[in-house]
Structures are given as structure tokens and as C-alpha cells.
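These are my notebook entries on one structure, written down in the order in which I looked things up.

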Amino acid sequence: MDQILLQSPLLTPTPIWLIALPLLVAFLSPLWGRARWPLLFGVHLGLFALALWLLAGVQDGPLIETLVIAPPLGIHLHADAVSLLLVALLTFAVALVAAFLWQGARAPHWQSRQAFVLIMLLSAGCNGMLLTGDLFNLYVFIEIAGVSAYLLSALRRDAAALEAGLKYLIIGAVSAVFILFATVLTYITTGTLNLAAIGMAFADIPAAMQILIGLLLLVGLGIKAELFPFNVWVPEIYRGSDPEASALFSGVVVKAFLFVLFNLVFLILADPAVVGRWLMILGGVTMVIAELTALRQRDLRRMLAYSSLGQVGLITLALGFAETTVVAGGLFHLVNHTLAKLLLFMVAALMLSRASSGHLDALTGIARRLPLAAGLFVLGSLSMLGLPPLAGFMSKLWIMAGFAEAGVFWPIALILLGALLEAAYFFRWIALFYRPVPAPRLASDPVGLPTASSAVTWPLLVLAVLLIGFGLAPVLLEPALNLAAEVLLDRSGAIEAVMGVRP
Amino acid sequence: MRLFLRVLSLMVVVTPAVTWFAWDGALVWPLFGGATLSFDVTPLASFFLLLLAMGAPLAALPMLRKEEPDWQLALFALLVLGMQGLLLAQDLVGFFIGWEIMTWSSWLLIVRSPRTDAGTAASYILFNLSAAFLLLAGLLGVYSLTGSFAIQALVDLTLAQGLVLVLLFGAAFLIKIGTLPLHLWIPRSYDQAPEPVTVVLSALVSKMGVYGLLLMLILFPEMPGRWFGDWLNGPLSGYGLAWIGVITSIVATFKAIAQDDMKRLLAYSSIGQLGYVTTAIGVGGALGISGALYHALVHTLVSLLLFISFAGIIAQTGQRRFNDLGELIYRMPISFFGVLIGIIALAGMPPLPGFASKFLIFVALIEAQWILLFAAVILSSAAAFLYCYKLIYAPFLGQANSPEARVAREAPWPYLIPQIILMGMLVGLGMFPGMGTALADPVLAALGLAPLDGPSLGTLATPYGGYDGVTLMLVFGIAFALVTALFYMLRGQLRRAGSRQDLSFAGEVPTPDQPLHYGAGMGRELRRIPLIGWILARSSSGFFSGLAERVERLAEHSSRLYPSQPWRWVQSFVVVFAVLLTWGLVRGGGL
Amino acid sequence: MRALIDVPLMLLVTYTMGFFMYGFYRQFMARIQNRRGPPIWQNLYDNLKFFSKSETLSHGPMFFLGPMIMMAGAVTTVLFIPMLKDTAWLQGFSASGNLILVMFLMVVGPLGNALAVGASGNPFGVMGVTRGLTRLMGLEVPFFLGLALIMVQYETVSISAIMAAQPTLAEWTLVTNPLIFLVVLLPFIASLNASPFDVVGAPVEVYSGPRVEFGGRLLGILMTQNMMLSMAKYVLVVALFMGGASNLLELFVKVFVLFMLTASISAVFPRLRTEQAVDFFWRIPLGLGVVAVILTLWI
């Protein structure tokens, strides 16, 4: 990595900073002392600004940053409208989690240096996954993000957290095996690791090999992108981890993997229609099964995990359709889901700090003790369900209007069914939060727990404002989303930018 | 902060009135993809906006009491905004946004009540969201056909397209109105919601379903013509809708008679009254639509009045069952008059306006020559007398049946002021029944129907004849005054009975501890009538709870798909991978 | 101006005719049962006697106001039914009303009664009221079905117009559409609280029902309004089915004929229980009504 740094112009704002800066700051962590959390927040806010600045520069075409030798032989970063949009989203999300941890996390394991380093590495890995232009570096970044995620999930170091971390490690290793195998096979058959070059050469390799590589990638990435049936591990991990970590997994890591999956599909395949349809079915099944299963969950974190799976299914359903409007809506929903899930997981963190456990019974009537948190939970759930006037409604409407315009109605039916199931459990939880509790229960309110300062709520309020704002004025994001959708679907443009020839 | 919130909420609550008086020009708000939200006042919306403008401030008064929590008024303000939004919307997305804001804010109002149980909360939100999602599916269908969300006439639909869209929209609005068998969420939620909230649910929120149903007349102008049946003298779709409405009102009326809880009874009565409105919309034509609008207006006033009166009783006595009250006429006289005026209007007795709206519906049915429907409407209308009597007898007359009823005081002013205003409005509207049709006439014109155009506000005129409200009121009033005066001119004196137990009681003298209140008995013997016994023994709740149970069981099955042991995860991945690979290779071809 | 003469005259006609008819009814029943029976004007004497009672027991303001509402309701009903046709006299305020309004005005009386009985606090009275309302629910369905058929036939809801549409015997509704008369006849008898549908005030079963607490002048009022309301109903049915009347004599004869018909039916059949009565109305008259609808509208 240091070599990469030396070769790139250090002082100009280029995409490499999005990866290098977190790595650098993480490696220099002993220097920061008490200033760790403000730094984490500040760095990511800076990266967010940088991503937005870069985003403004890629309106006409992608920014290719050569690191070693010019592509297709060397290593390069491929920053276009869609990857930078996601980088912006993810850095913003990490910044908000950092702010939340800075203000709110009093538990010792969040005060440690490991937590700081791991979040930095996670962020670097995810940004790398989004920006890299070749398959091998993709694998490397997946590993960086993966390892930091396993450790984050085990950070609390009690039995539940260690179990979750170990399980996460196992499943991550399995996923890595699949991806690595696919990478090797691709290199053997096409002789290149550059994504654009693979995109040009992929059609020429034997059909059976195509299917094998495709399936290996599907399983490998599907595990990390939480698609059914490869998502069976998710509830266990989310339940064992702290909600703050789960917020990062659901809001940041999964989104990066979703992007990788669809970027590969749209870049490599000349005609993504067939694969797209299968991914749509996969997404639909993921959504319905997850929403259905969530109905019976009695633990807040598990419930949020299943809800997360459902939303990922919905996004997959939309992106798989490979049509600009629907994909733009899908990307919008991806943004909204990140915002809403961050909000919900952070509220869950607040609630868990006050309740004995995340179980339904322990949280009954919590609204009386945490009125603002409960209110924000309502807001987040409304957006998650797609109820106006919140952002989730606009993105769902956008997706469904796209489907309706194309005359395809089964996804609409599935989405509405999913939303109804989702409503059934989200509203049950809300009803529980507002249930009046008998007096003796209130009297035994645990004393001495860290009280949430009002500062801890401001990241939550920022999220709430964004959810309302995007719900009222989706036009704010419309140009960026439309451009991102076009770029994501524009295979020949992406290949041409790297290879210099149209496929 | 508290004061600021209250003042702000109150300002929002009066916005419908401001909009109604002072709206000029449309408002446009950009959405994505070139679509826009636009807001304007159409004649139809204006009528319902008037209901909102009258109802919202009156319903807000009881919420201003110190005993009521702050969030109630704030959420109510949100609810009013939602309803106003859906009325003003000129496109289906705006309508849906308002509809949903209304749905979830009203749910939050209900769910924060200490009496609401989990089942009620779930049924309220699931029924209403089902309605909303059907609506959403319908509006997406419209979008796929026209490429626009605007509320406009859909022409040249094929039969299948028309049928699907009509069913989607129709089912959505019928759930909101609460027609059978989709009414289950209403009685329990009206019963368990906080008292001031029930007022809003019954008087205002339910009317939005009526508005939606009328909107369908604009959306599907060809529907009646398409399914015209000569032998029916009218459209088949309308005939079906009318029967749905009337069966709803009959069953709801019988259920209402059998209730022993005041708010539950009123909830069923509310379902029944909206059944008439549905019937009237089904009949269609100038008389039918005008009857539907008129009845919606009257029901808004009546349910405001009755629910507020009963809210006052519950607040003062803490009792909500008929058996536990009695004799309040001496302790709560203003509330008594409120309920009296309310039930006279509810029962549709002249000279109050409940009769005017029913008269229009009757005449519409006669014009359409749907005589069997007419008889069915009469059945529920006559049966309604029974529960109306129960409403006035059990709390106010008879013998006090609980300690609270013996010491209750008159309800506080926040309950009485709206009651007095509403009584005045009802009597005024009864005297000038033409006012209602005058309000409905612009809507008729907008729907392309001939307005009724009464000669004066005092007259309700139809092509089949009408009546003069002023004369009627004067004749009755003078007769009443003269009879009373003459009675006093007769020789002899009036002696007040010695005690409440000084009764002609089968040769015995009852003691104060003897239960002499007949509230529970009322309606019990009805079960012996075969038809009513049959209806009361049935319920669709079994179907829906069965459905919920099925889904839960399905969820249990699906949760087995998520094991907790890592080796089973890996095993499943490998198996799925192998199966897919085999299948892909056998199928042949690349990606 | 005409109203000043019309109103007292209409009230007087219904009042005297009512007491005459019911006096005659008691004689008629006595002869059937082989008794002597009271004099024809006995009911009128009783009524006058009640009015001159020196003491009346009251159970509170609503108990007192109830009979007043009943009386006012009866007076209003009488005044909204045109007694004669082809003349400007004895029309009352019928130009301002219609058939449906009159039918609903007839319920105002029972409402006042129910309020007063409820206020008295006597459970037997309320039991009677409940039975009365239950019976009302039964009888109104076929009754209104018949009236609706008439309104459809003449395409108006105005009683005067319906009367004017039957100038000769051949055009009487009774002749043109006898089925409707059969549909309406039994509910009509029940609406008069006559046997066999008189369970509401049955002395043994509910201890004389709604009237249990009334005495003295209030009972006098109740009797008066009952007579007037009954006659109003007879006049209405005469107008709807028998072409109305051009003068008072014709009116009297037609009402008398109709009265004899209903009285004969009342004399023959035994009393029905409430639920039996309701079930009966929903089977026989309503079934006939459905047949009538099918015959007149669909065939």
C-alpha cells in the first residue's frame, strides 16, 4: 500500500485518498490518543466532502487513476458517478456512526484503540471495493473489510460477541474461498485481472466455465451481500454484535458488496437480462422470506437483521431489472435504507443501554423512558416501510413506478406484500414501545447506567432530517441518481474509458 | 415549549377552515422523473374540506383539557394535515401521501392509549395498510396505463383493466369506510382509542373513504355505462355496491343493538350509517350522490356530537357500559340534550336533518326503482331506533346503576361548547334542509349531473316532491307549545312522585338496591328472532384471525431456514452451489 | 287564513272520528263475544274524565314532556295528511310535506313515549317500549315496501298527487294493484297497535307496558293522541288505496269500511309474541311484497 501512495501525487485530491487516508490514519493510531473519535468523525466528514467534490467532476465520464502501470496491465482506480455516490454515502454513514460513538459509547470496548482502527480499516476496505478496477485488488479489499468486520463483531469479547465473531470469520472465509477461486479461474481463462478487460474477454471463454465463474461469484458475493439462501448467517451475527457494529455492517458493508455484485454483472455480461432476471427472483425471494421470518422475532437486533435482509432483497429486485428508472430508484432506496437502518440500529443501541436485553418483554414501555428515541424509531420504521412523507416511500414509489411504466407487475405485488409483512412486525414493536407499563416495572428502572447525553442524539436527528428532506424533495438527489443509474448500466462506456475501445 | 406546541397544533387544526375560505390558485411541488404533486380545491374536495373545517376545531376542543396529553393534539394536527393533503391533491400520489399520513398518525393516536391492546393495534394498521397498498397498486396501474398520476377520467379501458382497477380502488376505500366483511378493525379501535380520538376517527377519518369512493366516479366515468343492466334500471356495479352498503348497515345495526358498551355501540352505528352512504353512492344519479353527500355531512355532525357527549360521560363517571349508568338526565342535562338531538338526527326522524339525507336516499332508490334495496334500507333504519333508544335510555333515564352515576357532575366546558354548537347546527340544518343540497349542488355539477336547485334554503326539493323544513319545524314547535300551554290550563295539579322507587311495580314496592335498570335487557330478546339470531351468531373475525395464524405458522416454517450452526450454513451453500452448477451445465449455454 | 279554520277542523274530525270508531269497536267486539258492551261514546267520556282529574303523578320533567312531544307529533302528523281531494279545504300543511315525511312523523310520538317511560324508571315500561320498537322494525319493512311500490307506480311522493291519480273506482290502487294492499294491510294493523299484534301493551305479560306509569291528565293526553294518530293512519291508507275522499261524508264511509275490515281481522286472530310478529312480517307480508315487486317491476 505504501508503494501505491508514493506513486500518486500526494497533495492533489484524487480518489486514492479515499482509501489511503483511512489506512494511514489507522496505522498511525498510537499518535492520536484521546482525539481518536473526533478524528474518526473528521476524517470521514472530509472523505465525504472529497467524494462529493470528485462526484461533481465525473459528470461526463469516469475518472481513471492509474496506480502502477496503465490499465489493462496495471492497477487502477475506477471512480465514476455511481461508485463515488456510494463512497459518499458510506463515508457519511461512517462519519455519523463515529459521531454517535464519540458522544454516546461509554462501554470500554468502544473506548479502545482497536475499535478506532477497525472502523478505519472497514471504511478503507469498503471504499476500495467500490473504487478498484481489478479483480485481485477487489479480493484484497474484500479481505480487509471482512477481517475488520469479524473483529468488530467480536469487539465486546463476551461469549455472545466472540461466538458471533467466530461465526462471521467462518462464513467470511467460505465466501473468500469462493471469490478467490472465481478470481483464479478468471485469470486462467482470460489472462487478465482488470475488470474492463475481463468484460471484453468474458464472452469468449467456454460456456461451462462462464457458468462456473458466475456461480462462484454469486455464492461468494451473495454471502456477503446477504442474498437468500446465502444470508442464513446474518441474524446470528447481528444479534451477537453491538448494534453500532451492526449499523456499519447493514448500512455500509452490505451496500458495498451489493454494488460489487451488480457492477460485475453489468460490466462483464454483454446481455445482463437473463442473469438480471435470476437476480430479481433471488431478490424477491430474499425479501419475502426475510420479512415473513421477521414476524416471529422476539429480539430487537434479530428483527432489524431480518428487516435488513428484506430491504437488500428489494434493492436486488430493483437493480436486477437493469432499467434506468428502476435502477435509479433502487439506488435511491439503497441510500434511504442506509440512512434508516443507521437510525434504527443507533436507536436500538440507545435502547439496549437502558434495557436489560433486546428482548421484546424487556423493551415494553421503553418509550416512557426514551421518548425521543422511540419517536425516532417510529420515524425510521415509517421510512423503512415506505410510508410517506419519508424518503423510503419516495424510493419505493420510484421503483414501483418504473416497474409499472415497463408493464411488469409481479415485483410490485411482491414489494407491497413485503411491505405489509414488514408493517406487521414494525408496528408491533412500536406498539410495544408505547405500551403503558405497570408501576412496579417502572420503579425497578435500572439506575447507574450511563445516561444518554443530548449530544448523542444529534447524529440521529441529522438522519431524521435527511429522511424527511429526501421524502419531501426527492428532486434533490434525482440528477445524481439518474446519472449513477446510467453509468452503472453503461457497460460499453465503462470499458471504453479503461480500454480505449468500445466492446 | 408545551404552550408553543399547543398553539402550533391549534393553528394547524384551523387550517382547513382557512383553506376553505381563502384558497386561490394551485400549488405545484416537483417529484421525481418529471412528475409533480399539485394541490387545488375541486368542488368535491371543497365539500369534504368543509366537513373537515367544521369538525377539526370542534374535535380539538376536548383535547385542550389539561388531562389530555400533549402528543394527542400534535398528532391530531398531523392527522388534519394528512386529511387536508389528500383532499387537496390533484394527483393520486398526493392523495396517497395524505392518505398514509392520515393512516399512521391516527394509528399512533390509538396505540398510545392505555386501553389499546396488541390485537387492536395490529388490526387497525393491517387493515388500513392493506387498503393503502391496494390503493398504491391501483394508482400504479393507472400510471402504467396513462403515464401520469393525475386524477383524471380514464377512458378506453378494456374490461379486464377496468375491472382490476375498480376492484383495487374499490376495495381500498371500502376497507376505510368499513363495509362488511372488512369492518373488523373499526369497533375495537373506536372502542379502545382515547375518547377525543374516537370522535375524529368516526366523524372525519371515515369520511375520507367516502371521498375516495366518490373520486372513483371521476376516475371511471365509463364504469356505469359499461356494465349496464336493463332489468336493473341501473348499472350492475352500482347495484352491487348498493347491496354491499345496505347489508353492511343492516348487520352493523343488529350488532350495535347487541352491544353493552357505549363506544362500541356507536362504532357499529357509525359503520351502519356509512353503509347508507355507500348505498347512496351505488344508486348514483343526482339524488343518490346528493343523498350520499348530505348523509356524510349529517353523520359528521351527529358523530361529533354523540362521541363528544359520551366522551364527557366517560370522563365524568369513568363508566363506559350501559349497565353501569343511568339517571344522568338530572346530573348532566346539557349532555342529555346533546345526545337527544344526536339520536333524533341519527335515527333520521324529522324535523332534524338526518331525515333530509335519508329522504334523498329513499327518493333516489324509488327513482331507480330498486324497491328491494329500499325495503332493506328501511329495515336497518327502523332497527336503528332500538339502539338510538338504548343510547338515550341507558345512560340518562331509568335508575342509576352505579355509585359513579349517582354522583356524576355535568361535563366540563370543553365538552359542552362543541355540543352546543353542534346542536345549533343540526337544528339549523333541520330547519333549512335546502342548505345541504345547496352545498352538494356544485359537486353534482362537477360530476356532470343536474343539480337539485331547491327554490329556497328552507325547502328540500326533488323531482318527486319534497318538504318544507321551516313549516315543519314551526308546526311542530307551535303544536308543542300550545299543547303544553293547554295542559297547564286544565284544572288540577301535578304531583312529583315521592321517590325514584315510587313505581307501579306489579303490586310491590321496589327497594333502592333492587336493580331496576333495563339497559342490559334491551336487545337481548332480539336473538329470538331467527334472522337476527343468525346474523348475530356470525362473524368474519374467525377468517381474519385464521389468516393471521396461518401467516404466523408460515413464519415459523421460514425461520427454520435460518439455522444457527455455521456448518449447516456452509452445507447449504455447497448444496445450493452444486445444484445450481449442475442445472446450469445441463442446461448449457453461457451467461 | 284558511289554516286557521283548517287546523282546528282537522284536529276535531280526527278526534271525534277516532273516539267514535273505537267506541264502535268495543261494541263490535262485545257482540262477537256475546256481551252487551259499553256505550259507543264511552271512550270519549273516559277521555274527558281523565282530563278533569285533579291530581296527576309525575316522575320528573322528561316524564311530563314526553306526552307533550307525543301530542305535538300526532297533531303535526294529522296536519301533514290531506284529508280531502279536489278542494282547497282540509289540506292542512300537506303541500309542505310528503308520504315519506308523514311515515317518519308517525314515529315522533313513540319517541316521546319512550323518553317519558324511560324517565319514569319503571323497567316494565321500558320493556314494553323495547317490544314496541322491535315490532316497529318488523312491520316497517313490508309497510314501506308497499308504499314504495305505490310511489314508483305514481312516480311521486306527494299524497295529494297520489290521491288525485285515482279519480274513479277502477283507478283505485286497491283495484289496479291489490297485491300491494295485501302487503300493507297486516303491517298497518300492527302499526295501530291492534290485535293480533298488541303484545306491546299486553296487561299480563309486561304489566300493561309503556303506559304503566301514566295516570290522570297525562293518560288523557296519551289517549287523545292515540285516537288522532290512528285516524290519521286510516285517512292515509284511504288516500293511498281507496282514492281518497272529496267530502267528509265520503271520507267517513271509506274509513269506516276500512275500519271494519281491520277490526274483523283483529277479532279473529290470537296475539303473537314479539319475535313471532317480527318473524311473521319478514316472512308473509315481505314475501308477498317481493312477489309484488317481481310482478310489477320486472315482468
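How many residues does the contact take from chain C and from chain B? I found that it takes 71 residues from chain C and 64 residues from chain B, where two residues are in contact if their C-beta atoms, placed from the backbone, lie within 7 Å. I note at the start that this is a predicted model, in which local features need pLDDT of at least 70 and side-chain atom pairs count only at pLDDT 80 or more, while totals for chains, interfaces and linings use all residues. Residues are numbered from 1 along each chain as its sequence is written, and chains are lettered from A and ligands numbered from 1 in the order in which they are written.

**Entry: chain C against chain B**

I listed the elements that each supply at least two residues of the side of chain C that touches chain B, and they are strand S1 (55-58), helix H3 (61-79), helix H4 (99-105), helix H5 (108-120), helix H6 (123-154), helix H10 (216-241) and helix H12 (274-298) of chain C. Helices (H or I, at least four residues) and strands (E, at least two) are DSSP runs, numbered from the N terminus. H6(C) gives the most to this side, with 17 residues. By class, the side of chain C that touches chain B divides into 45 nonpolar, 18 polar and eight charged residues; Ala, Val, Leu, Ile, Met, Phe, Trp, Tyr, Cys and Pro count as nonpolar, Asp, Glu, Lys and Arg as charged, and the others, Gly among them, as polar.

**Entry: chain B against chain A**

Here I found 52 residues of chain B in contact with 54 residues of chain A. On the chain B side, two or more residues come from each of helix H5 (92-111), helix H6 (118-146), helix H22 (541-559) and helix H23 (566-587), and the largest share, 13 residues, comes from H6(B). I counted 37 nonpolar, eleven polar and four charged residues on that side of chain B. Of the two pairs of chains that touch, chains B and C have the most contacts, whereas chain A and chain C do not touch, their nearest C-alpha atoms being 40 Å apart.

**Entry: a helix pair in chain A**

I looked next at helix H4 (residues 81-104) and helix H6 (residues 113-131) of chain A, which pack at an angle of about 170 degrees with their axes 9 Å apart. That makes H4(A) roughly antiparallel to H6(A), since angles over 145 degrees count as roughly antiparallel, under 35 as roughly parallel, 65 to 115 as roughly perpendicular and the rest as oblique. Axes are lines fitted to C-alpha atoms, for helices over the stretch in contact, and angles run from 0 to 180 degrees between N-to-C directions. The residues of H4(A) that meet H6(A) include A:Leu86, A:Leu90 and A:Val94, and those on the H6(A) side include A:Ile119, A:Cys126 and A:Leu130. The contact divides into nine nonpolar, four polar and no charged residues.

**Entry: A:Val140**

A:Val140 sits in helix H7 (residues 135-153) of chain A.
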